[in-house]
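Dear colleague,

Please find below the structure that I am handing over to you, together with its sequence. My findings follow after it.

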Amino acid sequence: MHWFYLIAAVSAEVVGTTLMKFLVSAGQLAQGTLAAIFMVAMAYLFLGKATLRIPVALANAFWEGLGMILIALASLYLLDESISTIQAVGIGVALLGIVIINYGHHQQEQER
């Protein structure tokens, strides 16, 4: 269940950020800001539930990394923005960081 909460946290962040961009681009600054605040608050509530069972370092790396990747993809496919080569490399490095932190967590669990 804790991984469900973590996925929900990531989803809330991605939806909030993407919705904010859509609304602000349509001239609805207040609505976009409120949508972002609400969805980020939901993301933190879900993240808090996830960290009851998932170590904070692992949960935060997963949340930030996957959220960044999904927001980059949303900006590319839904918002007609572009991603430069250096940005794509950065996303790849972030993904590698998530994998390394996850591996370290599993290694730590096996030692216990």
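Helices (H or I, at least four residues) and strands (E, at least two) are taken here as DSSP runs and are numbered from the N terminus. The model is a predicted one, in which local features need pLDDT of at least 70 and side-chain atom pairs count only at pLDDT 80 or more, while totals for chains, interfaces and linings use all residues. Residues are numbered from 1 along each chain as its sequence is written, and side-chain values use heavy atoms, with hydrogens and water left out.

Overall architecture

The protein contains four helices and zero strands, and the order of its elements from the N terminus is α-α-α-α. Along the principal axes, the C-alpha atoms occupy a box of roughly 55 × 35 × 15 Å. Of the 112 residues, 29% are buried, where buried means under 20% relative accessible area, exposed over 50%, and partly exposed in between (1.4 Å probe, protein chains only). The accessible surface is about 7200 Å², and 69% of that belongs to carbon and sulfur atoms; these areas come from the Shrake-Rupley method with a 1.4 Å probe, and for residues only the protein chains shown count as cover. Among contacts (heavy atoms within 4.5 Å) between residues at least 6 apart in sequence, 72% join residues at least 24 apart.

Helices α1 and α3

Helix α1 (residues 2–25) packs against helix α3 (residues 56–77) at an angle of about 35°, and their axes are 9 Å apart. Axes are lines fitted to C-alpha atoms, for helices over the stretch in contact, and angles run from 0 to 180 degrees between N-to-C directions. This crossing is right-handed; a crossing is given that name if the near helix is turned clockwise from the far one by less than a right angle, and is called left-handed if anticlockwise. The residues of the contact comprise 14 nonpolar, three polar and two charged. In that division, Ala, Val, Leu, Ile, Met, Phe, Trp, Tyr, Cys and Pro count as nonpolar, Asp, Glu, Lys and Arg as charged, and the others, Gly among them, as polar.

Two residues deserve a separate note. T18, in α1, is buried with a relative accessible area of 9%. Leaving aside residues up to four places away in sequence, T18 touches A74 and L78. A59 belongs to α3 and is buried at 0% relative accessibility. With the same exclusion of residues up to four places away, A59 touches L6, L47, T51 and I54. The C-alpha atoms of A59 and I7 lie 9.9 Å apart, although the two residues are separated by 52 places in sequence.

Helices α3 and α4

The axes of α3 and helix α4 (residues 85–111) come within 9 Å and cross at roughly 155°. That angle makes α3 roughly antiparallel to α4, since angles over 145 degrees count as roughly antiparallel, those under 35 as roughly parallel, 65 to 115 as roughly perpendicular and the rest as oblique. The crossing of α3 and α4 is left-handed. Its contact includes A57, L58, A61 and F62 of α3, together with I91, A94 and L95 of α4. The residues of this contact divide into 13 nonpolar, three polar and no charged.

The loop between α3 and α4

D80 lies in the loop between α3 and α4 and is exposed, with a relative accessible area of 70%. Most residues other than glycine have a negative phi. D80, which is not a glycine, has a positive phi of about 55°.

With kind regards
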